[in-house]
Amino acid sequence: MLEEDQEIFITKGMVRADFDFWVGLVMDKFYDGLQEKKFIGTKCSKCGKVFLPPRNRCGDCFVKAEEFVDLPETGILKNFTVTTYKITERKIRKVKKDIMVGLVQVDGADTAMLVPIVNTNPDNLKEGMKVSVVWAKKLKGDPQDIAGFEPVGDG
Amino acid sequence: MRKVAIIGVGITPFLSRYLDKTYFELAYDATKLALNDCNKQGIEITHKDLESTVYGIYNELFERQFMPDIFINSYIGMNDKPGTRIASGGATGGYTVRMAYAEVASGLSDLCLCLGVEKCNDCYDEKTGATTPQVLNAIAYSADMTYEYPMGMMAASSYVSMVNAHFEEFGSPSEEQMALVSVKNHGNAINNPIAQSPMKITVEDVMNSRIICYPFKMLDCCLYSEASACLILASEQKVKELGVENPIWITGVGAANTDCFIGNRESIGRLYSNINAAKAAYKMAGLDYDNIKNQIDVAELHDAFSGQEVISYEELGFVPFGEGGKWIESGGPEIGGELPCCPSGGLIGCGHAVGATGIMSTGEAALQLRGDADKHQVTIEKGRALAHSIGGPGAAYAAIIIMENEEAKK
Ligand SMILES: [Zn+2]
């Protein structure tokens, strides 16, 4: 039992892991592609499934999927949600403007990827609507190069 | 419980670093090697026939990923099937074999994948250009965080205290006797293509290598490695169905966790985890702790440090307490000796890719019983082999696997 005026010994959070790691051959190529405003996926040599983000093994066929394919900047919004909170390094805070995130299947890909949805508002979002990528102003070859996807035309 | 056999073995080379592969690609490679090993023996199975996976992955920081098993699950085509991860320090591999055995013995699965992987050297700090401090830190977090870690406990110092205390109590092993283990295991590794550290060296080379943590010198310690190792386990019914000609039956799985605080143990110089895991495994396999040396053909031991192998000779019952050092002087654990220990090269010769290590040791022992160990094959007469895994804070975890080849016994 803690005494009322007892001070407790609190030690510093000691688990730190300050190191850099390699994301692997295909994700490396994917991020290089983003810097050139290109989506690079991979294709299974057996079933032809196209992965974006890319991966170099098709689990279903148990073969390598090492053929790179260039994919367009457009796709379909498969699903979405709206969040009103954001986690910063210091705390969880309510955002001024709702954040929209969705799963977008880029045309020609068989998988969907998680992206922000931008330049619209939640009321306009519909599953199955056409969307197109918005690149970040400054490209660095990392995930933030994808500023988001926005609806195309009437969506 | 149902009978369980090892029908396929896949081990990737143990390397200091795979620059061209992620941990899930390494896991895929080992799985493919194990499936190929089955196919080469005429066992017609693909990844689709596997019913479940038990993963051995020690450390999240190595993989930079919590729950790394679930990402492998996708890469190796095991989606929509059960998968369980085991993490038991240095004994992760042995414990993973034990749980994969249980998966099949219990009837939950007829074909189970037992897969270990570790990729530690991506713990690389580009700012300092150093790997070792990051890896050692990731390992050091295995010590008790409320006292031992902040006091500076590391893996080597933890083992040294036990080996030194063992020497105090029993007069074995001396520094030269420990060095003989290093000479043997580096030498055995020369004939193992997956080994990271094959070397022809002398006792003087070991004695003259730099001190890491007295009395352990550089060449007394294993290297950390990146690798994956995989076993395919089958039930007796599946063995019959698939017409497996050379199944390696798992007849004993013993494990024990002793007190993780070394200072709480009755004797600091004894690894009770080793002793109790061995007794449990031998009892299950119908073998005798006092006569085990004459009942098995080969042992793949967990020689993270050379001194630890010598005290394992005693704790696993190969020789009486205090005689481990003399036994290696007499050539007992050499290939061609009374009971070859670590013909693969062990951890000192092959390297230590924690989650993969015990699975590699078990796989190596199974290959020995099958007669498929190529250039490091030992003579098989009794048809039995042992694989040993130990680790965790103060070597608190231990797991021992006994295997049999009924054909070889005839
Ligand atoms: Zn495919």
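## Two crossing helices in chain B

The axes of helix α4 (residues 92–105) of chain B and helix α15 (residues 354–370) of chain B cross at roughly 60 degrees and come within 6 Å. Their crossing is right-handed, a term used when the near helix is turned clockwise from the far one by less than a right angle. On the α4(B) side the contact is made by T92(B), G93(B), G94(B), T96(B) and V97(B), and on the α15(B) side by V354(B), G355(B), G358(B), I359(B) and T362(B). Contact means heavy atoms within 4.5 Å. Axes are lines fitted to C-alpha atoms, for helices over the stretch in contact, with angles from 0 to 180 degrees between N-to-C directions. Helices (H or I, at least four residues) and strands (E, at least two) are DSSP runs numbered from the N terminus.

## Basis of the model

This is a predicted model, in which local features need pLDDT of at least 70 and side-chain atom pairs count only at pLDDT 80 or more, while totals for chains, interfaces and linings use all residues. Residues are numbered from 1 along each chain as its sequence is written, chains are lettered from A and ligands numbered from 1 in the order in which they are written, and side-chain values use heavy atoms, with hydrogens and water left out.

## The zinc site in chain A

The protein donors of the zinc ion are the SG atoms of C44(A), C47(A), C58(A) and C61(A), at 2.3 to 2.4 Å from the ion. Donors are N, O and S atoms within 2.8 Å of the metal (3.2 Å for Na, K and Ca); water is not among the atoms, so sites may look incomplete. The arrangement is tetrahedral because the four donor atoms subtend angles of 103 to 117 degrees; the term requires all angles to lie between 85 and 135 degrees.

Along the chain, the donors follow the spacing C-x2-C-x10-C-x2-C. C47(A) lies in the loop between β1 (39–43) and β2 (50–51) of chain A, and C61(A) in the loop between β3 (57–58) and β4 (63–64), so the pair ties together parts that are 14 residues apart in sequence. C47(A) is partly exposed, at 45% relative accessible area, whereas C61(A) is buried at 14%. Buried means under 20%, exposed over 50%, and partly exposed in between (1.4 Å probe, protein chains only).

N188(B) belongs to helix α8 (residues 175–188) of chain B and is buried at 10% relative accessibility. Its side chain reaches the backbone oxygen of C342(B) at 2.9 Å. Beyond four places in sequence, the contacts of N188(B) include I335(B), P343(B) and G345(B).

S182(B) is also found in helix α8 of chain B, and its relative accessible area is 0%. Among the residues that S182(B) touches, beyond four places in sequence, are I201(B), D220(B) and I348(B).

How values were computed
Polar contact = N/O pair within 3.5 Å; in protein donor to acceptor, adjacent residues only side chain to side chain. Tetrahedral: all angles 85-135°; square planar, octahedral: opposite > 155°, others 65-115°.
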